[in-house]
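Hello,

Here is the structure I promised to pass on. Please open it first, then read my notes below.

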Amino acid sequence: MKPILFILLFSSCILVNAQTGIIRGRVLDKNTQEAVIGANVVIEGTTTGAPTDIEGYYKITNVPVGSFNLVATSIGYNSLTKFNIILNSGNEQIVNFELVESATTLDEIVVKFDKGKSASAADMITPLSVQALTTEEIKSNPGGNFDISRVIQALPGVAGSPSGNVRNDIIIRGGAPNENVFYLDGIEIPVINHFQTQGSSGGPQGMLNVSFIEDVKLSSSAFGAQFDNALASVFEIKQREGNPERVSGNIRLSGTEIAGTLEGPINPKTNFLVSARRSYLQLLFEVLDLPIRPSFWDFQFKVAHKLDNKTTLTALGVGAIDDFTLVAPRNATPENQYILSSTPTINQWNYTTGFSLKRLIDKGFVNVALSRNVFNNNVDRFEDRQEGDESKRILKIRSQETENKLRLDVNKFVNGWKFSYGGMAQYVQYTSDYYNRLVKEQTDDQGNVTVPEQVINFNTDIDFVKYGFFGQVAKNFFNQRLLISGGLRTDMNTFTDSGNNPVNTLSPRISFSYSVTNTLNWNTSFGSYYKIPTYTMLGYRDDSGELQNKDTEYIRSNHAVTGFQFLPKEDLKFTVEGFYKRYNQYPISVRNGISLANEGGDFNAIGNEEIVSTGDGNTYGFEFSVQQKLVKSTFAVLSYTFVRSKFAGADGVMVPSSWDNRHLLSGLVGQKFKRNWEVGVKYRLAAGAPYTPFDLVQSQLNYATLGTGILDFTRLNTERLISFNQLDLRVDKKYNFKKTTLDLYIDIQNLFRFPSPDLPEYTFTRNAENTDFVTTDGQPLKQDGSNAIPLILQDQSPFFVPTIGFIFEF
């Protein structure tokens, strides 16, 4: 039997080496989106390639499978290289290019400065604080598990959840997770994670299908003026189109989920992409005897139709169904018992769907996007998990957020001037039935109230309109050595008291990029940015049913960023940037005087309380990064960030925020070997995030009814978690057959099992059998916990996740 297996394996290796694939794509002018006719696209270091046709399309056939770099060139344009293109025999590889006009023309005698080889050739609107990821970098990222949110956490200035790998929080330069906005082909998608926290953007698992993605651009400052509601970053996620010639797809199976993607032509002018994914984490956790049972579905589609040579209509959608339940484990450890008593059950569903129309005009293009997104959130928690007994209820959330959006932007490139203008309008609906018992009433032996009950309980139903306008202009001067980009935006709404005043949110921004040499750039930007408070804040009502937060203001953040970018070679980049962000009008809780930036977040909801817009804060620091694109068979990335994040509450005292990580370090190295083997290693370090310790007296009084401890806000964020350390490993082996490809992979998160930081947990000591609490007098536990023996759990168990899976392409 073994000789037969060896012969089969040897034969498959020979077959692999003989297989070929197809590369196709399109070359466009970056500024006008017009087709670049006659451009040459070749595999770097070879003569294998193809020219573009009258519509900018190219097709390279009979390309041996493997990894390589692809170069696009055209007279009058700067050349552009796409690195680490992986070609398999199963799917055609679609690679698109957007070229920028060069400063030289054939009839010019004087040779001008070659901007194409300078370090700032990437973007006229956002010349700094930009990171980009390709689909291959996302797919092959060690520990990423095909999850964009996790992959992004290794970029400069980006941190994840303060408590390690539990959530997909994206914290950019010390800002809260809800300060980021996400756009999918120009349509905003407010929910990108499963089990998302309402009022934030975190969650344990990303929703987006990597097979759809062409590239991801992250701007952590100097945002284009067309983007509203962003304080920390803008994510622009570009999806590719489906295969225009044949039906193809892939199936991905791992230890936690199964996913399928299908694509192909509908007719000569229309193509599609569609996918579905189903998790079976609940089965894995049952085998591991864990009390949590998360389960989800997600779906995604894109249909592109070419109305004529100048007009393309695209329909897209993404949605998810999430269910999070709890089951008593066979082994009732203190940690498992705490999870059962403190964790809510969650049922969510959400979707974003819409249409976008791109129309080419003279020296430019127009985008129109019409979309709708809905987020439905149901959360429950009861004392001792006595579901259905309303007298035991601790938490209830029944809420829905709906947005209907229309966006328009006009983009022109005339005589070296790039300018755009447009606006947006949104009709918002928000409903919520909210109950949260913060403290249960306590009485003495005579029935006198010693601790009054604290409850937030309200129903709300609001609707209003958000609208805004913007303008942006950019131009290169002094023989393209100096780039200046400026923009202006204002946003308004019909809900808040001052919401219709455009002056209140007037947000200018300006950026400079000076090419010191062909390889060295100095970049600087200044800007003001605004974000409307979350709907959970705007919809809050008091006991009399009156809306309490109509007088809130937009949160303001002023950015100042400067730095250098050094590009000694096209495939090697060094960057260093310093940043300072000043926050004003930040929400402060009226109940406890704490800035919401200092309260962190969990899986429930953020903002269901009365707030005032009087908070201040600041974040500052610097970043250093070096990136080596694929050369021969190696690629690598290294980055370090120093960041401080501090916010003040009602007392005006600046304290470290929940996002004050201070030190962030990440590195990634990938190596490609013969016979389609690839190995990647990624390391991440984040210094311990701050947290607030428990109020031991109040925690003992209330634990029996709340199932959790109560924080001592007089010692706000005075303690810190241990540092987060993690080394991830990924190994891929691809088998290419005639028209199919099999990719076997092993992905291990936290290979060396470093301890994982996690917030302390307050509980009472239980007996050896974990069937009841131990008491000081041997009697049953008293309601006020006075005879309990308090216990602080410090669970730093390693978050070790090995995954074995395969991807079958056809």
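Of the 810 residues in the protein, 56% are buried. Keep in mind that this is a predicted model. The accessible surface comes to about 32,700 Å². Carbon and sulfur atoms account for 60% of that surface.

Next, the overall build. The protein has seven helices and 46 strands. Its radius of gyration is 28 Å, close to the 28 Å that the globule rule gives for 810 residues, so the protein is as compact as a globular protein of that length. Along the principal axes, the C-alpha atoms fill a box of roughly 100 × 80 × 45 Å. Now take the contacts between residues at least 6 apart in sequence: 67% of them join residues at least 24 apart.

Then look inside. In soluble globular proteins, nonpolar side chains tend to be buried together. Here the largest nonpolar core has 32 residues. Which of them touch the most other members? They are Ile-138, Ile-152 and Phe-235. Several elements each supply at least two residues of this core, including α3 (148-152), β12 (180-184), β16 (213-219) and β17 (233-239). Leaving out residues up to four places away in sequence, Ile-152 touches Leu-133, Val-158, Ile-170, Leu-218 and Phe-235. Another core, of 25 residues, lies apart from the largest one. Among its members are Ala-159, Ile-171, Tyr-583 and Phe-724.

Now a sheet. Five strands form an open sheet with mixed pairing, in the order β9-β16-β17-β12-β13. β9 (130-134) and β13 (187-188) stand at the edges with a single partner strand each, so one side of each has no neighbour in the sheet. Inside the sheet, β12 and β17 run parallel and are joined by five bridges. Val-181 stands opposite Val-234 in β17.

Is Ser-613 buried or exposed? Its relative accessibility is 15%, and buried means under 20%, so Ser-613 counts as buried. What lies 3.0 Å from a polar atom of its side chain? The backbone nitrogen of Glu-553 does. Beyond its neighbours within four places in sequence, Ser-613 is in contact with Thr-552, Glu-553, Gln-585 and Tyr-586.

Best wishes

Note on methods
Residues numbered from 1 in each chain as written. Predicted model: local features only at pLDDT ≥ 70, side-chain atom pairs only at ≥ 80, totals over all residues. Heavy atoms only, no water. Buried < 20%, exposed > 50% of the residue type's maximum accessible area, 1.4 Å probe, protein only. Polar contact = N/O pair within 3.5 Å; in protein donor to acceptor, adjacent residues only side chain to side chain. Contact = heavy atoms within 4.5 Å. Core = buried A, V, L, I, M, F, W, Y, C linked by side-chain atoms within 4.5 Å. Helix = DSSP H or I, 4+ residues; strand = E, 2+ residues; numbered from the N terminus. Rg over C-alpha atoms; globule rule 2.2 N^0.38 Å. Areas by Shrake-Rupley, 256 points an atom, 1.4 Å probe, with all protein chains shown as cover. Pairing = 2+ DSSP bridges.
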